[in-house]
Amino acid sequence: MTTLERRHGKERELRRVPVVLSNGEDITFLLGRQNVLVKKVIADFCSFYSPGGHVIYVSGTKAKWSYLDSDALADLGLAIEVYEKMPDIVVHHLEKNCLSLIEAVPGHGPISSKHRQELKELFAGSKAGIIYVTAFLYRRAMIKYFDDISWETEAWFAESPTHLMHLNGNRFLGPYEVLPLKES
């Protein structure tokens, strides 16, 4: 190899987003809005909404996955072979025995009605309940996708990590403040 070929052909140093999973394992992604959001979901969403949760799957950009715990999937009764329909992140909240299926936008888009049905079929054999979550960096980013987001899902915003938006009122309809009892 000539000096010029060596200089221009060497590996480039690219900025990466490091992510540490709850089991202590490190994974890295190329720097980009999608992967910054994935890191925030794992660090913030999981700490608030599935503390002690186990990250089972994280999609990658070069491979089909950056992280996959196939043993954990098998323990939940799942043998997933087709990863094209997988969400960006799958987290098992052990205490509540539920799986959070999380799409990080920008990526493949939000959990639409069609994608929700695909996920429901893909995870049909799960021994854990299913929660569908679309994650955004900012609330204003949701505007572009609002009409596509499925009912019976949650929306989470990294800019306000302690809040969720529930897209259906039946389960949570009620006052936020407890009113004082009337004296007779």
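Buried residues are those under 20% relative accessible area, exposed ones are over 50%, and partly exposed ones lie in between (1.4 Å probe, protein chains only). The structure examined here is a predicted model, in which local features need pLDDT of at least 70, side-chain atom pairs count only at pLDDT 80 or more, and totals for chains, interfaces and linings use all residues. Residues are numbered from 1 along each chain as its sequence is written, and side-chain values use heavy atoms, with hydrogens and water left out.

We may start with the interior. A nonpolar core is taken as a set of buried Ala, Val, Leu, Ile, Met, Phe, Trp, Tyr and Cys residues joined through side-chain atoms within 4.5 Å. The largest such core has 18 residues, and those with the most contacts inside it are Leu 37, Val 41, Phe 45, Ile 102 and Trp 156. At least two residues of this core come from each of helix 2 (33–49), strand 3 (54–58), strand 5 (89–93), strand 6 (98–105) and strand 7 (129–136); helices (H or I, at least four residues) and strands (E, at least two) are DSSP runs, numbered from the N terminus. Helix 2 gives the most, with 6 residues. Leu 37 is in contact (heavy atoms within 4.5 Å) with Ala 104, Val 105, Ala 135, Phe 136, Leu 137, Trp 156 and Ala 158, leaving aside residues up to four places away in sequence. A second, separate core of 17 residues includes Met 86, Leu 101, Leu 119 and Tyr 132.

Charged pairs come next. A salt bridge is counted when a side-chain nitrogen of Lys or Arg lies within 4 Å of a carboxyl oxygen of Asp or Glu, and the model has 3 of them. Glu 118 pairs with Lys 85 at 3.4 Å, N to O. Glu 118 counts as buried because its relative accessibility is 18%, whereas Lys 85, at 36%, counts as partly exposed.

Glu 118 also forms a salt bridge with Lys 114, with the closest N and O atoms 3.8 Å apart. Both residues lie in helix 4, 4 residues apart, about one turn of the helix. Lys 114 has 62% relative accessibility and therefore counts as exposed.

In the remaining salt bridge, the closest N and O atoms of Glu 152 and Arg 116 are 3.2 Å apart. Glu 152 lies in the loop between strand 7 and strand 8 (154–157) and Arg 116 in helix 4, so the pair ties together parts that are 36 residues apart in sequence. Shared partners join Lys 85, Lys 114 and Glu 118 into one salt-bridge network.
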